[in-house]
Amino acid sequence: MTTQEITAENFESVVATQGIVLLDFWASWCGPCRAFGPIFEAAAGRHPDVTWGKVDTEAETELASAFQVRSIPTLMVFRDGIRLFSQAGLLPAAALDDLVQQVQALDMDDVRRQLAVQSEAEADAPSVESSS
């Protein structure tokens, strides 16, 4: 499996699908991004059941901004449209493989329940308003 270019136009259709999606936010001028690229590509070959996408932060500034990418490379992992992981920095191959295995092992029904509880708690929390 090879990686695919992710843009603002195809982001939703790629990430909202069932399954696991790993995104590498990168830029051509970034040394650590160039070092991580081959690791990411090789992992895509080892895990063909996962969708592997690359977001060029120079070309896709609105996507980088929407996800508050402040440092590159940044790796994000989605499963069934839910963002589960986001971390700046280069991951070694073994750590990347381990991350894929951890995401594959997740009980997504449990993840959805936890998100619903968290969302409910946030909705019930008193709002803090500033007084001027």
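## Disulfide

In this predicted model, a disulfide (a pair of cysteine sulfur atoms within 2.5 Å) joins C30 to C33, with an S to S distance of 2.5 Å. A search of the whole structure finds one disulfide. The torsion about the S-S bond of C30 and C33 is about 75 degrees, so the disulfide is right-handed. A disulfide is a covalent bond between the sulfur atoms of two cysteines.

C30 has a relative accessible area of 4% and is therefore buried, where buried means under 20% relative accessible area, exposed over 50%, and partly exposed in between, with a 1.4 Å probe and protein chains only. C33 is likewise buried, at 4% relative accessibility.

## Basis of the description

Residues are numbered from 1 along each chain as its sequence is written, and side-chain values use heavy atoms, with hydrogens and water left out. Because the model is predicted, local features need pLDDT of at least 70 and side-chain atom pairs count only at pLDDT 80 or more, whereas totals for chains, interfaces and linings use all residues.

## The sheet

Five strands form an open sheet in the order β1-β3-β2-β4-β5, with mixed pairing. The edge strands are β1 and β5 (82–88), each of which pairs on one side only. Helices (H or I, at least four residues) and strands (E, at least two) are DSSP runs, numbered from the N terminus; two strands pair if DSSP finds at least two bridges between them. In a regular strand the side chains alternate between the two faces of the sheet.

Strand β3 (residues 51–56) has five of its six residues buried, so it is largely enclosed by the rest of the structure. Strand β1 (residues 4–5) runs parallel to β3 and is joined to it by two bridges; Q4 stands opposite G53 in β3. Strand β2 (residues 20–26) also pairs with β3 in the parallel sense, over six bridges, and here L22 stands opposite W52.

β4 and β5 run antiparallel and are joined by six bridges. T74 has A88 in β5 as its bridge partner, and V77 stands opposite F85 in β5. The two strands form a hairpin with two residues between them. D80, in the turn of this hairpin, has a positive phi of about 50 degrees. D80 is buried, with a relative accessible area of 18%.

## Helices against the sheet

β2, helix α2 (residues 31–46) and β3 make a right-handed β-α-β unit. A crossover is right-handed if, with the strands pointing away from the viewer, the path from the first strand over the helix to the second runs clockwise.

Helix α5 (residues 108–124) lies across β4 and β5, running at about 85 degrees to β5. Axes are lines fitted to C-alpha atoms, for helices over the stretch in contact, and angles run from 0 to 180 degrees between N-to-C directions; contact means heavy atoms within 4.5 Å.

## Aromatic pairs

A search of the whole structure finds six aromatic pairs. The rings of F11 and F67 have centres 5.3 Å apart and planes at 55 degrees, so the pair is tilted. Rings of Phe, Tyr and Trp (its six-membered ring) pair if their centres lie within 6.5 Å; planes under 30 degrees apart count as stacked, over 60 as edge-to-face and the rest as tilted. F11 is buried at 6% relative accessible area, and F67 is buried at 18%.

The rings of F40 and W52 have centres 5.0 Å apart and planes at 80 degrees, so this pair is edge-to-face. F40 in helix α2 and W52 in strand β3 are 12 residues apart, and the pair links distant parts of the chain. Both residues are buried: F40 has 0% relative accessibility, and W52 has 0%.

## The loop between α3 and β4

A cis peptide bond, with omega about 0 degrees, joins I72 and P73. P73 is placed in the loop between α3 and β4, where Q68 is also found. Q68 has phi near 50 degrees, a positive value in a residue other than glycine. With a relative accessible area of 55%, Q68 is exposed.
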